[in-house]
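Here are my notes on the model you asked me to look over. Please keep the viewer open and follow the points in order.

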Amino acid sequence: MYAILDIETTGGQFNEEGITEIAIYKFDGHEIVDQFISLVNPEIPIQPFVVKLTGINNAMLRSAPKFFEVAKRIIEMTNDCVLVAHNADFDYRILRTEFRRLGYDFNVKTLCTVELSKNLLPEQPSHSLGKLVRALGIPMADRHRASGDAMATVKLFKMLLDKDLNKEIVKELIKFEIQKGIAPKLMDIVESLPSKTGVYYIHREDGSLIFIGKSRNIRKRVNQHFTGITKSAKKIQNEVFTVTYEETGSELIALLKESEEIKIHRPIYNRMSPKSNFSWAIYAEKDANGYLNLKLQKADRRKKEIKSYTSQQEGKEALFRISSHYNLCQKLTGLYETKTHCFQHTINECDGACVGKISALEYNERVQAFIEKNLFDNKTLAILDRGRSITERSVIFVEKGVYKGYAFYDLNYQINTIEILRNIITPMPSNRDTRNSIQSYMRKSKTIKIINF
């Protein structure tokens, strides 16, 4: 007996998808003898591209049964059956993950119609379900819906069974591996972790550190390590004994702590960070005519950078905005591709800084205004962000461009003077990477409040 099924999911990260629809047809080799079709409320949002692909949206699933409400029926439909699906590894993994969340170890024999078709129809250029059924003249309705795809798989499977006269290939391709999924020890570790922002530390039994990471959701991130299939993930799964953590509330504090801790402990499964994630920077240089040129270049520690960026494209986009905001000559910023404009005329008409229209002194004042506002060396500030609880806030203190450290404080406290900040912070090292991380976070984060001194 075969249980031929198809599952639609929310999409998302590996082993974190949820089922949105399931269809199972029980097939005795000749005809369908039972069926089960249902939408499923995954209790997490559907990825937009999946909505576009399947037509299933979040509103449709609000009143649908949750997985635990259909789990018994799924077991009844698949009991003593070979589970058949097109790309069976995917559907089987999703089912096992959902059952594992309920504490049930779901194990059945599986058979993949992709593998079966490759053996029995080697001449076909594609073995995707859509292209295969079209090539074989199999009628198909409701593509990318569970019932339509499962029914197409039934018809395909019946045709493949007919081609396998002695049923030898089918028997050879049936798998029965008792897949353990996430080991109970690892599950216990995951369950002990908070779903909060912070830094986590993965230890061996002797206490040595093998990995340090940071995340906005520690439990979710560690679960990804424990369910990952990469070589490094498998090594971590084999060697982990315990995971400790430190909540930070602030993602920026977690980022800064992670970077510093990796440099100190050098865990064996952390890829050592490159010298800097910020490989491009804006510099100011005077040309032969006395005009200040803003240039985006590869980062050079020997020069004083004004702003830094993780990629050339990010830097170029920023330089376009800067040129427009400060009314700078784009020829003097290196942004002189075709149709680029400099003040009021095209680049082909531009003679540098529009000599004769604006003096070097006046032009340089505009550039200097940008430098004064953005040069981090000039800044003394406090960055206020989330704390570890709703009654707490975090603060990062920067003095004259030097990262001094961080602290947590009660909402009732006043931290509006430099003296107070110096007294309460936990001192931390400052370097180019920490300063650039702080600047990048300030540009992108919408949760922070900045106090300038």
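Predicted model: local features only at pLDDT ≥ 70, side-chain atom pairs only at ≥ 80, totals over all residues.

1. Now find helix α10 (residues 218-227) and helix α11 (residues 231-239). They pack at an angle of about 100°, and their axes are 7 Å apart. So α10 and α11 are roughly perpendicular to each other.

2. Which residues make the contact between these two helices? From α10 come His-225, Phe-226 and Thr-227. From α11 come Ala-233, Ile-236 and Gln-237. By type, the contact of α10 with α11 has 3 nonpolar residues, 3 polar ones and no charged ones.

3. Move on to helix α12, residues 251-265. It has 15 residues. From first C-alpha to last, α12 reaches 21 Å, close to the 21 Å expected at 1.5 Å a residue. Look at the N-terminal end next. Ser-250 caps it, with a side-chain oxygen 3.2 Å from the backbone nitrogen of Leu-252.

4. Which residues of α12 are buried? Among them are Leu-252, Ile-253, Ala-254, Leu-256 and Ile-262. The list also includes Lys-257, Glu-258, Glu-260 and Glu-261. Check these side chains in the viewer.

5. Now see what follows α12. The next residue is Arg-266, and its phi is positive, near 45°. Most residues other than glycine have a negative phi. Arg-266 is not a glycine, yet it has this positive value. Arg-266 sits in the loop between α12 and β9 (280-286). Is Arg-266 buried or exposed? The cut-off for exposed is over 50% relative accessible area. Arg-266 has 55%, so it is exposed.

6. Asp-80 also deserves a look. Its phi is near 60°, a positive value in a residue other than glycine. Find Asp-80 in the loop between α3 (67-78) and β4 (82-85). With a relative accessible area of 70%, Asp-80 is exposed.

7. What does Ser-437 touch, not counting residues up to four places away in sequence? The answer is Leu-252, Leu-255, Leu-256 and Phe-278. For Ser-437 itself, the relative accessibility is 13%. Buried means under 20%, so Ser-437 counts as buried.

8. Glu-17 lies in the loop between β1 (2-9) and β2 (19-27). Leaving aside neighbours within four places in sequence, Glu-17 is in contact with a set of residues including Thr-9, Gly-12, Ile-44, Phe-90, Glu-98 and Arg-101.

9. Finish with Leu-161, in helix α7 (residues 146-163). Leu-161 is buried, with a relative accessible area of 5%. Leaving aside neighbours within four places in sequence, its contacts are Tyr-2, Phe-27, Gly-29, Lys-167 and Val-170. How far is the C-alpha of Leu-161 from that of Gln-297? The two atoms are separated by 63 Å, and the residues are 136 apart along the chain.

Notes: Residues numbered from 1 in each chain as written. Heavy atoms only, no water. Helix = DSSP H or I, 4+ residues; strand = E, 2+ residues; numbered from the N terminus. Expected span 1.5 Å × (residues − 1). Buried < 20%, exposed > 50% of the residue type's maximum accessible area, 1.4 Å probe, protein only. Polar contact = N/O pair within 3.5 Å; in protein donor to acceptor, adjacent residues only side chain to side chain. Axes fitted to C-alpha atoms, helices over the stretch in contact; angles between N-to-C directions. Parallel < 35°, antiparallel > 145°, perpendicular 65-115°, else oblique. Contact = heavy atoms within 4.5 Å. Nonpolar A, V, L, I, M, F, W, Y, C, P; charged D, E, K, R; others polar.
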